Amino acid sequence: MPETTPKGLTRLAFGGDYNPEQWPESVWDEDVRLMREAGVTLVSVGIFSWALLEPAPGEHDFGWLDRLLDLLHEHGIRVDLGTPTVVPPAWFYRDHPDALPVSADGVRLAFGSRGAICHSNADYRAAAADITTRLAERYGDHPALALWHVHNEYGVPVSACYCDSCAAHFRRWLAAEHGSVDAVNAAWGTAFWGQRYADLVQITPPRTAPTVGNPGQALDYKRFADATMRENFVAERDILHRLAPGIPVTTNFMTALSQCDSVDYWAWGREVDLVTNDHYLITDGRRTHVNLAMAADLTRSVAGGAPWLLLEHSTSGVNWQPRNPAKAPGQMARNSLAHVARGSEGALFFQWRQSRRGAEKFHSAMLPHGGTDTRVWREVVELGAAIDALTPVGGTRTDAGAAVLWDWHSWWAQNLQWRPSEDHDARERADAFYAALYDRHLTVDFAHPEADLSRYPLVVVPALYLMTEAAGDNLRAYVEGGGTLVVSYFSGIVDEHDAVHDGPYPGALRDVLGLTVEEFSPLLAGQAVRLEGPDGLALGADVWTEFVVPRGAETVWSYADGLTAGRPAVTRHRLGEGTAWYVSTRLAADGLDAVLARAGQDARLAPRADLPRDVEVVRRTGESGTFLFAINHTAADAKVALESAGTELLTGERAAGRLAVPAGAVRVVRLDG
């Protein structure tokens with residue numbers, strides 16, 4: 001079995017991307033001296049260095065990388081060594097212009113950025129395998145090497161190419177997935193609009209057409225593009241496993257739904273030795289710490305609950321959003337330790353030294369343009385000490401009390417054209433339900449719809465338009481066995497080929513929910529409806545309503561106005577030992593909280609009324625003990641009840657009773673016993 005932890009790393013990881021090729025070698029000694037001052041334990045190198053390592057076809061220069069790795073090893077800093085296959089050199093594209101990707105409109109993209117790759121291109125695949133082989137042969141047994149880092153952020157900025165090479169590759173993929181052209185026709189429903197194919201050779205990628213194309217074809221092409229990138233990762237991974245056994249292999253994910261929508265991370269999580277992730281705050285007015293928690297929970301879930309590693313985030317502002325505010329004092333540490341609370345084995349940044357040139361010169365770094373006499377540098381040094389103090393946490397696992405079901409294939413399908421309302425957004429519903437669970441102080445695992453859910457008292461389905469029959473059967477068994485299920489509207493509608501399930505909506509879920517839906521009734525922009533419910537509690541909703549017919553379910557809230565006035569809006573169905581709730585409209589935050597409060601009672605989840613909003617409490621447990629993370633995102637001091645006494649690791653003080661957590665601060669208690 002491959003190793004799953006960075007080789008030779010005995011503490012939590014702290015550091016970041018190190019790009020010394022941007023600087024004269026005279027700076028390197030200063031870099032490693034400052035790294036030691038900051039407590040850096042791991043750096044990522046070589047990710048964008050192909051043009052330096054191979055300045056001309058077949059001509060290699062490893063001398064600078066030899067000297068760099070030797071220097072880092074001399075100073076006790078471990079290395080995450082990249083294969084630079086995200087940035088083929090200019091000479092490669094001169095010799096192989098067809099390796100540049102082609103858009104659906106037929107435009108071939110140009111060299112000059114990053115990730116401009118047709119992943120089906122044979123010349124690219126051969127060149128990537130060659131540079132990976134040479135790196136593995138040269139550095140596979142280097143004493144500084146802790147981890148291999150393949151490529152960089154697959155799927156960003158380009159995942160799909162629509163060239164003729166991809167067309168041929170797509171046809172081979174279809175033959176393997178479906179078996180025959182008749183099976184493809186059946187899956188895609190090509191009888192509609194006369195799209196039937198007589199031979200696989202007639203099939204092309206879903207290029208730009210006069211109007212909406214075949215949704216089954218478009219969905220399969222998204223799967224194909226993802227699988228093609230994964231083929232290339234696996235090819236590099238297998239070279240590294242063969243030539244450098246004992247060194248784990250990863251690639252940096254971007255699991256946040258706000259950052260990447262073209263990668264099926266459930267599938268990718270099974271291919272890496274160690275799940276790693278990049279996360280950047282989206283400063284669009286949302287509560288950024290909730291998005292961070294959600295991304296960390298999703299990353300941990302992709303890792304199967306095992307510890308993972310935050311490979312990139314920012315010390316302060318980034319440079320690629322419309323507005324890029326600086327992080328407030330203390331926010332860097334709070335963000336970093338929130339990732340650790342939710343399973344990361346450390347915190348790394350992009351990047352070590354802030355670039356003077358290039359597209360990301362205004363992206364913050366560990367060592368800013370202003371040098372060591374800056375707030376950011378002082379906070380980096382303080383954070384390095386904090387990460388070191390949390391070394392005992394390593395290897396433990398985060399405890400979760402609820403699950404959210406998520407499937408990238410369903411997201412891809414729902415985002416295709418011609419759905420009932422463009423205002424319904426799967427990501428928005430996932431964010432909203434997650435925030436509601438977060439505000440009820442529940443730590444969340446994400447799960448695939450066909451996964452074992454028996455250990456969760458509460459399971460939430462915020463947006464699963466596509467659901468297989470197996471997933472529907474899985475949810476029915478979960479509820480019959482005593483679980484509590486909450487399902488939001490427009491879920492369970494189509495199968496894996498984007499075909500509507502036979503019979504009434506909601507297809508795969510109608511039995512477990514005890515109802516059918518006669519018709520969707522989306523609202524126009526600006527329209528809203530009221531719901532009337534128990535104890536006179538009225539709720540507001542918008543975007544979506546439905547004509548719901550109970551078939552065993554009881555009505556809890558009804559529509560008070562609109563086309564669906566008097567019809568059920570929120571229902572509850574007893575099935576076996578459990579209950580299934582259905583929400584047929586887009587509720588605001590207070591409405592979601594009201595529904596989850598009642599579902600939580602069914603699930604016997606005790607509310608945490610003692611915790612203020614935006615004070616999160618997360619536990620990690622394992623052989624080294626139980627660790628309670630208390631993170632205060634507010635401007636007021638808070639107190640958190642402790643179940644037992646313990647030692648606060650960041651201050652070294654004893655803690656008992658009610659733990660004081662100052663405004664904006666983090667406390668981590670290793671509980672006794």
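In the predicted model, the lining of the second largest pocket comprises 22 nonpolar, 14 polar and three charged residues. This pocket has a volume of about 940 Å³, and of the 39 residues that line the second largest pocket, Tyr 162, Pro 206, Ala 218, Lys 222 and Leu 416 lie closest to its centre. Two elements, helix H8 (215-243) and helix H13 (408-414), each give two or more residues to this lining, and the largest share, six residues, comes from H8.

The largest pocket has a volume of about 1100 Å³ and is lined by 41 residues, with Phe 48, Arg 114, Phe 350, Ala 359 and Glu 360 nearest its centre. By class, 19 nonpolar, 14 polar and eight charged residues make up the lining of the largest pocket, to which helix H2 (residues 50-53) gives the most, with three residues.

Turning to the strands, an open sheet of mixed pairing is formed by 10 strands in the order E12-E11-E13-E14-E21-E20-E19-E16-E17-E22. Strand E12 (444-447) and strand E22 (586-587) stand at the edges and have a single partner strand each, so one side of each is left without a neighbour in the sheet. Strand E17 (residues 538-542) and E22 run antiparallel and are joined by two bridges; Asp 542 has Arg 586, in E22, as its bridge partner. Helix H17 (residues 589-602) lies across several strands, including strand E13 (458-461), strand E14 (484-488), E17 and E22, and runs at about 170° to strand E21 (578-583), which is also among the strands that H17 lies across.

Terms used
Residues are numbered from 1 along each chain as its sequence is written. This is a predicted model: local features need pLDDT of at least 70, side-chain atom pairs count only at pLDDT 80 or more; totals for chains, interfaces and linings use all residues. Side-chain values use heavy atoms; hydrogens and water are left out. Two strands pair if DSSP finds at least two bridges between them. Helices (H or I, at least four residues) and strands (E, at least two) are DSSP runs, numbered from the N terminus. Contact means heavy atoms within 4.5 Å. Axes are lines fitted to C-alpha atoms, for helices over the stretch in contact, and angles run from 0 to 180 degrees between N-to-C directions. On a 1 Å grid over the protein atoms alone, a cavity is a set of points where a 1.4 Å probe fits but cannot get out, and a pocket is an open set with protein on both sides within 12 Å along at least five of seven lines; lining residues have an atom within 4 Å of a point. Grid points are joined across faces, edges and corners, and a volume is the space filled by probe spheres set on the points. Ala, Val, Leu, Ile, Met, Phe, Trp, Tyr, Cys and Pro count as nonpolar, Asp, Glu, Lys and Arg as charged, and the others, Gly among them, as polar.
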